[in-house]
Amino acid sequence: MSKLGNETAKVALGRATWKLLHTITLRYPETPSQDERDALDSYFHLLSRLYPCGECAAEFQQLLKRFPPQTSSRRTAALWLCHVHNQVNERLHKPIFDCAHLDATYDCGCGDSPVNSVSRSADAD
Ligand code: FAD
């Protein structure tokens, strides 16, 4: 693939990944259980090891060391991720995003049912 093709693919991958990550934190429970907190923490650490763009993964691992995932509530997690994304934006000379606009920007289209209702009802089975 040409250099331009590679860059276009990296940009598309980054954009899609950020969309997924922000949508996840904005659907994360308001008051998570310890298991849910551990799951979110693991998710980000595993992503930082497995992210397909190697240089991005290495930079993300460094960022997670400086700014460990904040998992105590939906708001905390969403604002933490917004801050981390802004750190990447700054390094790449992209505009800084106003984290007050998070809720209006990300809508998963999945209705009002809480994200943990599936795992909690499965636990009860
Ligand atoms: P993106 O940064 O992809 O953002 C997409 C949209 O999200 C924006 O248009 C805006 O509406 C919104 N947004 C922007 N900032 C925020 C924020 N702080 N909070 C919430 N929403 C926001 N690319 C590299 O070249 N080098 C790297 O080292 C690198 N590391 C990356 C690490 C990770 C974990 C990820 C997911 C991506 C990384 N990328 C990296 C890709 C890069 O961050 C961009 O995704 C890519 O360059 C496309 O940029 P974009 O201008 O479309 O906006």
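Arg 49 has its place in helix α2, where helices (H or I, at least four residues) and strands (E, at least two) are DSSP runs numbered from the N terminus. This is a predicted model, in which local features need pLDDT of at least 70 and side-chain atom pairs count only at pLDDT 80 or more, while totals for chains, interfaces and linings use all residues. Residues are numbered from 1 along each chain as its sequence is written. The protein chain has six helices and zero strands, and from the N terminus on its elements run α-α-α-α-α-α.

**Chain and annotation**

- Of the 125 residues of the protein chain, 10% count as buried; a residue is buried if 20 or more other C-beta atoms lie within 10 Å of its own, exposed if 12 or fewer, and partly exposed in between, with C-beta atoms placed from the backbone.
- Among contacts between residues at least 6 apart in sequence, 58% join residues at least 24 apart, a contact being a pair of residues whose C-beta atoms, placed from the backbone, lie within 7 Å.
- An unreviewed UniProt entry carries the annotation "domain: ERV/ALR sulfhydryl oxidase" over residues 6-106; UniProt positions are given in the numbering used here, feature names are shortened, and annotations may be inferred rather than shown by experiment.
- Over residues 6-106 the chain is 73% helix and 0% strand, and the end C-alpha atoms are separated by 27 Å.

**Shell around the ligand**

- The shell around the ligand holds 22 residues, of which Gly 14, Thr 17, Cys 56, His 85 and Phe 97 come nearest; a residue is near a molecule or strand if its C-beta atom, placed from the backbone, lies within 6 Å of it.
- Two or more residues of this shell are given by each of α1 (3-27), α3 (54-66), α4 (74-91) and α5 (102-105), and α1 gives the most, with seven residues.
- By class, the shell has ten nonpolar, seven polar and five charged residues, where Ala, Val, Leu, Ile, Met, Phe, Trp, Tyr, Cys and Pro count as nonpolar, Asp, Glu, Lys and Arg as charged, and the others, Gly among them, as polar.
- Phe 97 is found in the loop between α4 and α5 and is partly exposed, with 16 other C-beta atoms within 10 Å.
- Not counting residues up to four places away in sequence, Phe 97 touches Cys 82, His 85, Asn 86 and Asn 89; the C-alpha atoms of Phe 97 and His 85, twelve residues apart along the chain, are separated by 8.5 Å.

- In α4 the residues Ala 77, Ala 78, Trp 80, Leu 81 and Cys 82 are buried.
- Leaving aside neighbours within four places in sequence, Ala 77 is in contact with Thr 25, Tyr 28, Leu 40, Gln 70 and Thr 71.
- At 1.5 Å a residue, the 18 residues of α4 should span 26 Å, and the end C-alpha atoms are 26 Å apart, which agrees; the expected span is 1.5 Å times one less than the number of residues in the helix.

- His 93, in the loop between α4 and α5, has a positive phi of about 60° although it is not a glycine. Most residues other than glycine have a negative phi.
- His 93 counts as exposed because 6 other C-beta atoms lie within 10 Å.
- Arg 49 is likewise exposed, with 9 other C-beta atoms within 10 Å, and the C-alpha atoms of Arg 49 and Gln 61, twelve residues apart along the chain, are separated by 7.4 Å.
- Ser 42, also placed in helix α2, counts as exposed with 11 C-beta neighbours inside 10 Å.
- Trp 18 lies in helix α1 and counts as partly exposed, with 16 C-beta neighbours inside 10 Å.

Technical notes
Contact = placed C-beta atoms within 7 Å.
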